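Here is a short briefing to read with the sequence and model open beside you. Have a look at the fold first, then work through the topics below.

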Amino acid sequence: MKRRLNCGGFAAAALLICSSAALAQSTPAGTSSAPAASSASAGSSKQNLAEDIKLLRKDVRSEKSKIMGAAMGLDADQSKKFWPIYKDYDQQLTKLNDVRVGNIIEYSKTYDNMTENKADELVNGAIAYRKKRIDLLANTYDKVRSALGAPLAARFLQVEDTLLTLIDLQIESNLPLMWGPEKSTGK
């Protein structure tokens, strides 16, 4: 049975979770400008921030799963095949996103004292993350295609790619642009 997806509703739901995703993965970038009252409170703040990030990322994964489930429209037999594949994908994506969060935190720590080498290192880290993520998506598409056929695998890829793109946009729109020669020359 063919089913039309309500793309407007899908996009709206995805946008709702993106604000949480941005906070969950880009909040560390904003922390470098707030002065710490003491080293003890700074350590406590870092721990609280880490816990907040962990909880928000868990919420985002949960919301993504709900959106995926609604968009896929699977019957019981298809669900038994799809969800273990998706769960494995989500666990691997979470590990990849840990690397991304680390890169964002490093960016926030070094933003005001950026060097040529550090900028290059951060960009190469971001590129490596993207390559690994696209490989993970391609491998998961192949698994879903083997289990459920190409049309449902394509739907998975469309939905997941849309969600990831929205989350990426939200994260990147909250990160400051890398400064260039204008900062170092005072222009």
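The notes below go from the whole chain to single residues.

This is a predicted model, and its protein chain holds 6 helices and 0 strands. Buried residues account for 33% of the 187 residues in the chain.

**Confidence**

- Helix α1 (residues 7-30) has the lowest confidence in the protein chain, at a mean of 39, while α4 has the highest, at 96.
- The pLDDT is below 50 over residues 1-39, yet in the model this stretch has 57 contacts beyond near neighbours in sequence.
- Where pLDDT is low, predicted coordinates should not be read in detail.

**Overall fold**

- Read from the N terminus, the elements of the protein chain run α-α-α-α-α-α.
- Take the contacts in the protein chain between residues at least 6 apart in sequence: 78% of them join residues at least 24 apart.

**Helix α4**

- With 33 residues, α4 reaches 48 Å from its first C-alpha to its last, which is close to the 48 Å expected at 1.5 Å a residue.
- Among the buried residues of α4 are Leu122, Tyr129, Arg133, Thr140, Val144 and Leu148.
- The partners that these buried residues of α4 pack against are α3 (76-110) and α5 (150-173).
- After α4 comes Gly149, which has a positive phi, near 95 degrees.

**Arg130, a residue of α4**

- Arg130 sits in helix α4 (residues 116-148).
- Is Arg130 buried, partly exposed or exposed? Its relative accessible area is 35%, so Arg130 is partly exposed.
- Once neighbours within four places in sequence are set aside, Arg130 is in contact with Arg100, Asp168 and Glu172.
- Leu96 is 34 residues from Arg130 in sequence, and their C-alpha atoms are 9.2 Å apart in space.

**Nonpolar cores**

- The largest nonpolar core has 23 residues, of which Met68, Met72, Phe82, Tyr89, Val144 and Phe156 touch the most other members.
- At least two residues of this core come from each of α2 (39-72), α3, α4 and α5.
- What does Phe82 touch, leaving out residues up to four places away in sequence? The list is Met68, Met72, Leu74, Val144, Leu148 and Phe156.
- There is also a second, separate core of 5 residues, including Tyr107, Tyr111, Met114 and Leu122.

**Aromatic pairs**

- The structure contains 8 aromatic pairs.
- One of the pairs is Phe82 with Tyr86, which is stacked, at 5.7 Å centre to centre and 25 degrees between the planes.
- Phe82 and Tyr86 are separated by about one helical turn because they are 4 residues apart in helix α3.
- Phe82 and Tyr86 are both buried.
- How are the rings of Tyr86 and Tyr89 arranged? Their centres are 5.7 Å apart and their planes are at 45 degrees, so this pair is tilted.
- Tyr86 and Tyr89 are 3 residues apart in helix α3, so about one helical turn separates them.
- Tyr86 counts as buried because its relative accessibility is 2%, and Tyr89 counts as buried because its relative accessibility is 1%.
- Phe82, Trp83, Tyr86, Tyr89 and Phe156 are linked into a cluster by ring pairs.

**Polar groups among the buried residues**

- Lys64, in helix α2, has a relative accessibility of 4% and so counts as buried.
- The side chains of Lys64 and Glu160 are joined by a polar contact of 2.6 Å.
- Thr94 lies in helix α3. Its relative accessible area is 19%, and because the cut-off for buried is under 20%, Thr94 counts as buried.
- The Thr94 side chain reaches the backbone oxygen of Asp90 at 2.8 Å.

Conventions:
Residues are numbered from 1 along each chain as its sequence is written. This is a predicted model: local features need pLDDT of at least 70, side-chain atom pairs count only at pLDDT 80 or more; totals for chains, interfaces and linings use all residues. Side-chain values use heavy atoms; hydrogens and water are left out. Buried means under 20% relative accessible area, exposed over 50%, partly exposed in between (1.4 Å probe, protein chains only). Contact means heavy atoms within 4.5 Å. The expected span of a helix is 1.5 Å times one less than its number of residues. A nonpolar core is a set of buried Ala, Val, Leu, Ile, Met, Phe, Trp, Tyr and Cys residues joined through side-chain atoms within 4.5 Å. Rings of Phe, Tyr and Trp (its six-membered ring) pair if their centres lie within 6.5 Å; planes under 30 degrees apart count as stacked, over 60 as edge-to-face and the rest as tilted. pLDDT is the predictor's confidence in each residue, from 0 to 100. A polar contact is a pair of N or O atoms within 3.5 Å; within protein, one must be able to donate a hydrogen and the other to accept it, and residues adjacent in sequence count only if both atoms are side-chain atoms.
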